Protein chains: 2
Amino acid sequence: MLQSKLFTKTSKQTPKDETSVNASLLMRAGFVDKLTAGVYTYLPLGLRVLNKIKNIIREEMNELGGQEILMPALTPKENWVTTGRWDKIDVMFKLEGAGSKEYALGSTHEEVVTPLVQKFASSYKDLPVAVYQIQDKFRNEPRAKAGLLRGREFSMKDLYSFHGSDEDLDRFYEKSIDSYFKIFKRCSLESYLTFASGGVFSKYSHEFQTLTENGEDHIFVCEKCKVAVNKEIIEEQKECPKCGNKDLVEKKSIEIGNIFKLKSKFTDAFGYKYTDEEGKQQPVVMGCYGIGPSRIMGTIVEIYNDENGMVWPKEVAPFDVHLLSLGEDEKILKETEKIYKKLQAEGVEVLWDDRNITAGNKFADSDLIGIPKRVVVSKKTLEAGSVEVKMRNEKESNLIEIKNL
Amino acid sequence: MLQSKLFTKTSKQTPKDETSVNASLLMRAGFVDKLTAGVYTYLPLGLRVLNKIKNIIREEMNELGGQEILMPALTPKENWVTTGRWDKIDVMFKLEGAGSKEYALGSTHEEVVTPLVQKFASSYKDLPVAVYQIQDKFRNEPRAKAGLLRGREFSMKDLYSFHGSDEDLDRFYEKSIDSYFKIFKRCSLESYLTFASGGVFSKYSHEFQTLTENGEDHIFVCEKCKVAVNKEIIEEQKECPKCGNKDLVEKKSIEIGNIFKLKSKFTDAFGYKYTDEEGKQQPVVMGCYGIGPSRIMGTIVEIYNDENGMVWPKEVAPFDVHLLSLGEDEKILKETEKIYKKLQAEGVEVLWDDRNITAGNKFADSDLIGIPKRVVVSKKTLEAGSVEVKMRNEKESNLIEIKNL
């Protein structure tokens with residue numbers, strides 16, 4: 001893409017009313033725009049990152065056996081009354097439509113997915129079923145000051161699994177942990193499997209937490225096992241649940257995913273049972289598995305930045321290469337165009353800063369935007385038949401012959 | 001994909017409370033599920049179709065020069081008050097959040113996109129700008145009985161263009177008409193450019209209408225020019241706006257897109273002007289361009305169906321090939337698997353009905369689902385070293401040698 005065609009611009013000013021590192025940098029670089037507290041527009045560069053994260057998640061959910069669907073945000077009151085949550089979820093946005101019909105904006109989708117799967121999977125032959133969606137959720141958060149980490153509208157991948165037995169749920173639940181670790185690894189986020197409070201049916205739920213001083217959560221880490229315990233249950237769970245180690249270290253962190261065994265909590269509410277091999281009615285047990293792509297995006301920015309801007313990990317960067325042509329000399333523009341086309345032909349995603357601005361401004365913008373690899377074409381390098389290549393997270397740059405690009 | 005793994009099932013029964021052909025067929029075939037009036041879940045087969053339509057639109061909007069962004073559905077009251085539309089859009093869902101903050105669910109996005117582009121494009125050098133999104137819209141429709149044709153939550157592509165002069169807007173507007181025709185052609189929908197009422201600033205807006213007896217709209221068609229006049233303006237526009245022909249023929253139709261010159265209606269409201277080459281402040285003029293992917297999907301079903309089910313046009317079909325293996329004979333399953341893998345390796349999208357059910361049920365489901373090409377492997381065809389290939393919209397089938405597949 002030609003940067004001269006991009007309608008967004010960078011800004012040197014930290015946006016007012018924005019205390020979070022992630023939103024400040026993303027807004028300054030023109031990745032997102034804040035419409036109102038906790039509500040952001042994704043601009044072309046930001047949308048590219050968000051879609052890359054969504055696609056990583058999608059690939060791993062398909063690999064796990066999930067079937068993608070798309071549920072609505074507008075959900076009728078009846079479904080929430082059935083499970084008793086209409087008055088229990090305090091962050092739920094409620095609204096009224098034609099004929100005084102009441103709705104909630106989906107803050108989670110158990111109330112939609114359970115009666116949906118119930119329509120199709122009624123026999124042991126139909127189970128297990130795992131369905132997921134990547135869709136916007138709405139939560140009426142009292143405070144929304146953490147940028148993409150806590151939005152009032154935000155993207156979510158929510159997978160729901162349905163099983164004929166606790167053992168089958170357990171098996172799938174363990175497999176999902178592996179999938180989650182793969183996703184975070186691909187997003188360059190180190191994560192700790194963190195034991196958190198369960199519910200009526202389960203002792204624990206599990207969170208995936210990544211360490212950062214900017215995090216809102218507190219976890220107690222077992223360095224040996226690479227697992228952790230959330231502060232909320234540290235009174236009852238004082239030692240590592242895996243090895244019994246009592247020397248847990250308190251750290252600040254961001255929750256980047258959570259998984260939960262719901263057992264028959266929601267299936268019971270909807271009277272959802274299945275017929276087993278002997279023709280008997282049996283309870284269907286359920287698990288739910290969440291990751292917020294926009295929260296992942298915000299977390300990556302919180303962790304991967306320096307004094308000059310963002311430093312995107314390769315797999316989620318808006319482009320692979322930031323190509324900078326310095327000066328308006330025709331020869332430089334022609335050579336840069338050749339390189340631009342050559343890289344694109346090889347499937348490399350290139351943002352070419354072809355704007356008529358100073359070299360200093362190009363470097364500053366490039367530092368802020370944070371594309372991992374930067375290729376600079378200037379009079380000096382051209383005379384040597386080379387370009388300057390620099391990784392965004394390294395101090396040094398190298399001259400590389402153009403033919404070896 | 002293996003059909004045995006698909007969690008949805010077909011149904012022989014027409015769903016109750018569903019009068020539209022599109023929703024009946026889509027629900028019976030397991031493409032969508034109705035959550036409540038005007039609100040649908042897209043199931044795996046339906047989501048594939050919806051995404052193909054979205055991608056066709058995305059490709060053509062990129063080709064037109066549009067930059068993709070993603071705006072929120074949750075929009076603050078202030079923006080609507082600024083343009084005077086807070087109390088004027090009667091289908092707007094309104095809601096209240098923390099701190100008594102009032103929001104509208106976006107039924108359209110001029111109120112978000114105008115101040116957004118205003119932040120970045122302030123000079124003649126920055127114009128024109130064209131941005132678009134593909135996102136869910138919400139409309140509190142009093143009646144929602146037309147399936148995907150009139151939803152309370154539905155997908156929309158909305159592009160907005162910003163220009164420094166009326167002439168530049170006119171040029172872009174004409175180009176957008178070509179893009180729209182390309183989109184509809186790729187979706188196998190014949191469309192008429194239809195003159196409809198303009199607004200304060202423009203004599204006409206334009207709709208794209210496709211003819212069908214199931215349509216809610218009435219248009220008057222000039223067969224010579226392939227343009228039409230919407231019934232709503234036939235009193236003032238009695239002849240073809242292109243050739244003056246007075247023999248216009250009344251037809252029923254579905255509106256599948258509309259484009260509108262907004263001129264400075266919204267930019268004025270937000271005080272959005274640009275600086276021209278002489279340093280003077282000038283009005284920014286705007287156009288908007290809408291297509292609903294879910295409405296396109298519903299329209300295609302209304303037009304492409306027969307007594308046995310849906311007949312998807314190639315480019316939007318959930319799969320390219322429906323592969324049916326008849327019987328549980330091990331040799332048949334093995335040969336079918338080979339064919340399945342061979343087709344997949346060639347990039348063909350295949351749904352293999354590997355279920356242990358009767359041939360009659362497989363054919364009935366295949367007719368209902370409507371994948372354009374059907375390949376049948378049976379004992380009879382295998383003995384001849386061939387498979388039976390049938391196009392969904394043709395009566396006859398052919399035997400084709402497996403090696404020529």
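Predicted model: local features only at pLDDT ≥ 70, side-chain atom pairs only at ≥ 80, totals over all residues.

Colleague: Is Ser188(A) buried, exposed or partly exposed?

Modeller: Ser188(A) sits in the loop between α5 (166-186) and β9 (192-197) of chain A; helices (H or I, at least four residues) and strands (E, at least two) are DSSP runs, numbered from the N terminus. Its phi is near 60°, a positive value in a residue other than glycine. Because Ser188(A) has 15 C-beta neighbours inside 10 Å, the class is partly exposed.

Colleague: Thanks! Which residue takes a positive phi just after α5(B)?

Modeller: Most residues other than glycine have a negative phi. Just after α5(B), a positive phi of about 60° belongs to Ser188(B).

Colleague: And is Lys226(B) buried or exposed?

Modeller: Lys226(B) is in the loop between β11 (217-222) and β12 (227-230) of chain B, and it has a positive phi of about 60° although it is not a glycine. With 12 other C-beta atoms within 10 Å, Lys226(B) is exposed.

Colleague: How far does helix α5 of chain B reach from its first C-alpha to its last?

Modeller: This helix covers residues 166-186, which is 21 residues. The expected span is 1.5 Å times one less than the number of residues. For α5(B) that expectation is 30 Å, and the reach is close to it, at 30 Å.

Colleague: Why do the buried residues of α5(B) lie on the same side?

Modeller: The buried residues are Leu169(B), Phe172(B), Ser176(B), Ser179(B), Tyr180(B), Ile183(B) and Phe184(B). They are on the same side of α5(B) because they cover an arc (that of the directions from the helix axis to the C-beta atoms) of only 130° around the axis. An α-helix has 3.6 residues a turn, so residues three or four places apart point the same way. For α5(B), then, the value to remember is an arc of only 130°.

Colleague: Which residues are exposed on the other side of α5(B)?

Modeller: The buried residues of α5(B) pack against elements of chain B including α2 (44-63), β7 (129-138) and β13 (249-263). On the other side, the exposed residues are Glu167(B), Glu174(B) and Asp178(B).

Colleague: Now the two chains: what rotation superposes chain A on chain B?

Modeller: Two copies of a chain are related by a rotation about an axis and a shift along it. Here the copies are superposed by least squares on the C-alpha atoms of residues with pLDDT of at least 70 in both. The shift along the axis is 0.0 Å and the RMSD 0.0 Å, with a rotation of 180°. That is the relation of a two-fold axis.

Colleague: In chain A, which residue has the C-alpha nearest the axis?

Modeller: The same surface serves both copies, as 100% of the contact residues of chain A recur in chain B; two residues are in contact if their C-beta atoms, placed from the backbone, lie within 7 Å. At 2.7 Å from the axis, the nearest C-alpha in chain A is that of Leu95(A).

Colleague: How many nonpolar residues has the side of chain A that touches chain B?

Modeller: The contact takes 41 residues from chain A and 41 residues from chain B. Ala, Val, Leu, Ile, Met, Phe, Trp, Tyr, Cys and Pro count as nonpolar, Asp, Glu, Lys and Arg as charged, and the others, Gly among them, as polar. On the side of chain A, seven residues are polar, seven are charged and the nonpolar ones number 27.

Colleague: Last one: which residue stands opposite Val387(A) in β23(A)?

Modeller: Strands pair if DSSP finds at least two bridges between them. β22(A) and β23 (residues 397-401) of chain A pair in the antiparallel sense over five bridges, and a hairpin joins them through five residues. Opposite Val387(A) stands Ile400(A).

Methods:
Residues numbered from 1 in each chain as written. Chains lettered and ligands numbered in written order. Buried ≥ 20, exposed ≤ 12 C-beta atoms within 10 Å, placed from the backbone.
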